[in-house]
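User: I'd like to learn how to read features in a model like this one. Could you take me through some of them?

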Amino acid sequence: VELWRTDGTQAGTRRIATDLSYPLFGGFFVRSGPWVYFLAEGDDGEEIWKTDGTAAGTVRLVTGLEVDVRAAVGVSGGLVYFSGRALWKLDAGGVVTKLAEFIEDLSYPEARFVGHAGRAWLSVDDGVHGQELWTSDGTPAGTRLVRDIVPGPAESRAFWLVSAGDRLFFSATDGVHGEELWQTDGTEAGTRMVQDLWPGGVGARPDWLVAAEGYLYFLADNGLTGKEVWALPLGGAQCQAGDDRLCLNGGRFQVEAAWRDFQGGSGAGHAVALTSDTGYFWFFNPANIETVLKVLDGLGVNGHRWVFYGALSNVEYNLTVTDTETGLARRYFNPPGQFASVGDTTAFGPLGESAVTVATPSPLARTSSRIHPAAATGSCAPSSTRLCLNGDRFAVEVAWKDFQGGTGVGQAVEVTGDTGYFWFFNPVNVELVLKVLDGTPLNGHHWVFYGALSNVQYTITVTDTVTGKVATYVNAAGRLASVGDTGAF
């Protein structure tokens with residue numbers, strides 16, 4: 001077993017040098033400047049050699065190492081390697097310098113020791129901070145702890161270190177969110193969680209991180225789909241909108257939906273943006289909106305960003321909202337058989353950023369049904385305050401009253417032939433989404449579903465222009481309700 005080189009062709013594959021000591025199987029080959037360093041075994045133990053690719057330029061630098069070299073990376077002017085419980089620097093002239101000592105041997109070096117941005121990065125325990133991320137430029141002064149992610153002797157268990165673009169990625173826990181994907185730019189402030197894929201304390205446990213073709217690939221479990229392959233674009237975009245993803249509130253917040261029907265089928269919701277702060281998901285048919293969600297900036301009110309969503313479906317689904325600037329996430333669960341609304345005014349801020357919220361059902365809010373003969377015109381005439389749904393048969397209007405006693409009527413915006421929404425105070429702030437479906441083949445009725453994104457007092461009036469029947473739904477002040485009325489008409 002001797003030293004060879006290749007340019008990828010048969011003719012360019014040749015032996016560099018003979019009569020070397022016996023190279024170790026699995027010994028490293030590390031490029032640093034014009035040299036490639038490698039590990040061999042001599043009569044007195046491990047040896048470190050360097051080569052420039054020629055027989056004359058193949059030189060032994062260090063012999064008789066007292067302990068095994070576990071991992072090595074190239075840095076400016078030489079090599080940094082971990083041996084035993086210490087970190088060392090070897091320069092091109094063969095001078096060895098001890099950089100730091102730690103209390104444990106480096107197990108699994110392939111996942112805990114990498115080169116990135118001309119520096120060595122390693123996950124070790126110094127006896128004070130627990131197992132945390134360290135970096136070295138090859139000098140004692142430049143060997144330092146990057147961030148004590150779990151302060152004190154507890155440890156973050158930084159693992160699966162990989163260099164990708166201008167960042168280093170790894171798996172770690174902060175002691176609150178479980179093991180998740182982290183990144184660092186080398187500074188304490190720039191060392192943070194990328195995303196809380198499984199919101200809460202369980203952790204997605206990402207592993208086998210690999211960077212390729214502009215993406216970081218890894219395995220992880222988000223608590224919904226089991227352990228699968230994930231990809232993170234390395235281009236630096238905050239949120240990448242797509243068929244299955246909303247990007248709200250200036251593109252900072254990423255929203256995804258996952259559903260499960262009553263037959264056990266499952267899938268991802270299809271995302272459609274309505275305004276910069278609001279969007280909806282459909283599950284089974286593009287014309288049938290299932291849930292609507294908005295993210296508002298409430299920092300000026302209580303120091304948090306708020307999440308509101310309303311249900312137009314009673315199948316089981318999860319909504320995951322991620323702050324792409326911090327990686328923190330919230331997950332909202334709608335149990336099967338329920339129409340639920342959530343108004344989370346502490347969603348993202350000093351508190352409440354990691355919980356999983358189970359939505360509670362809303363009681364039916366229909367307060368009256370009557371026949372109004374004058375309304376039996378046979379057709380609905382749409383206007384800025386009136387929705388005409390389900391073949392223009394049903395007219396929908398809303399009147400509101402705010403907490404200061406101000407009153408007004410909702411401004412109507414049609415979305416599909418069966419669905420529309422109302423805004424009360426600002427065109428970008430959706431307050432209420434409503435749909436009318438023909439359920440007569442199932443139970444002989446037309447159905448009214450609405451999802452609330454507002455807790456002000458309002459009254460919804462739905463009129464069947466064919467029969468003159470009018471159904472009224474009242475939302476009391478301070479209440480956030482979604483309703484599925486399958487006996488409306």
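User: Is Tyr-108 buried or exposed?

Analyst: Tyr-108 has 54% relative accessibility, so it counts as exposed. The scale is simple: buried is under 20% relative accessible area, exposed is over 50%, and partly exposed lies in between, with a 1.4 Å probe and protein chains only. Keep in mind that this is a predicted model, where local features need pLDDT of at least 70 and side-chain atom pairs count only at pLDDT 80 or more, while totals for chains, interfaces and linings use all residues. Residues are numbered from 1 along each chain as its sequence is written, and side-chain values use heavy atoms, with hydrogens and water left out.

User: How many aromatic pairs does the structure hold?

Analyst: A pair of aromatic rings is described by the distance of the centres and the angle of the planes. Rings of Phe, Tyr and Trp (its six-membered ring) pair if their centres lie within 6.5 Å; planes under 30 degrees apart are stacked, over 60 edge-to-face, and the rest tilted. There are 26 such pairs here. One of them is Tyr-108 with Phe-159, edge-to-face at 6.1 Å centre to centre with 85° between the planes. This pair links distant parts of the chain, 51 residues apart: Tyr-108 is in the loop between strand E11 (96-101) and helix H1 (109-112), and Phe-159 is in strand E16 (residues 159-164). Those labels are DSSP runs numbered from the N terminus, helices (H or I) of at least four residues and strands (E) of at least two. Ring pairs also join Trp-259, Phe-283, Phe-284, Tyr-309, Tyr-317 and Tyr-332 into a cluster.

User: Which charged residue sits over the ring of Trp-35?

Analyst: That is Lys-50, whose charged end is 3.8 Å from the ring centre. The test asks for NZ of Lys or CZ of Arg within 6 Å of the ring centre and within 35 degrees of the ring normal. Lys-294 lies over the face of Phe-308 too, at 5.5 Å from the ring centre.

User: Which way do the residues of strand E27 point?

Analyst: In a regular strand the side chains alternate between the two faces of the sheet. In E27, Thr-278, Tyr-280 and Trp-282 point one way, Gly-279 and Phe-281 the other way, and all are buried.

User: What joins E27 to E28?

Analyst: Strands of a sheet pair through backbone hydrogen bonds, either parallel or antiparallel. Two strands pair if DSSP finds at least two bridges between them. E27 and strand E28 (residues 289-298) run antiparallel and are joined by five bridges, with a hairpin of six residues between them. Gly-279 stands opposite Leu-293 in E28. Strand E26 (residues 270-273) is also antiparallel to E27, through four bridges, and His-270 has Trp-282 as its bridge partner.

User: Where is Glu-325 found, and which residues does it touch?

Analyst: Glu-325 is in the loop between strand E30 (316-323) and strand E31 (329-334). With 39% relative accessibility, Glu-325 counts as partly exposed. Contact means heavy atoms within 4.5 Å; leaving out residues up to four places away in sequence, Glu-325 touches Arg-192, Gln-238 and Arg-252. Its side chain also makes a polar contact with the side chain of Arg-252 at 3.4 Å. A polar contact is a pair of N or O atoms within 3.5 Å; within protein, one must be able to donate a hydrogen and the other to accept it, and residues adjacent in sequence count only if both atoms are side-chain atoms.
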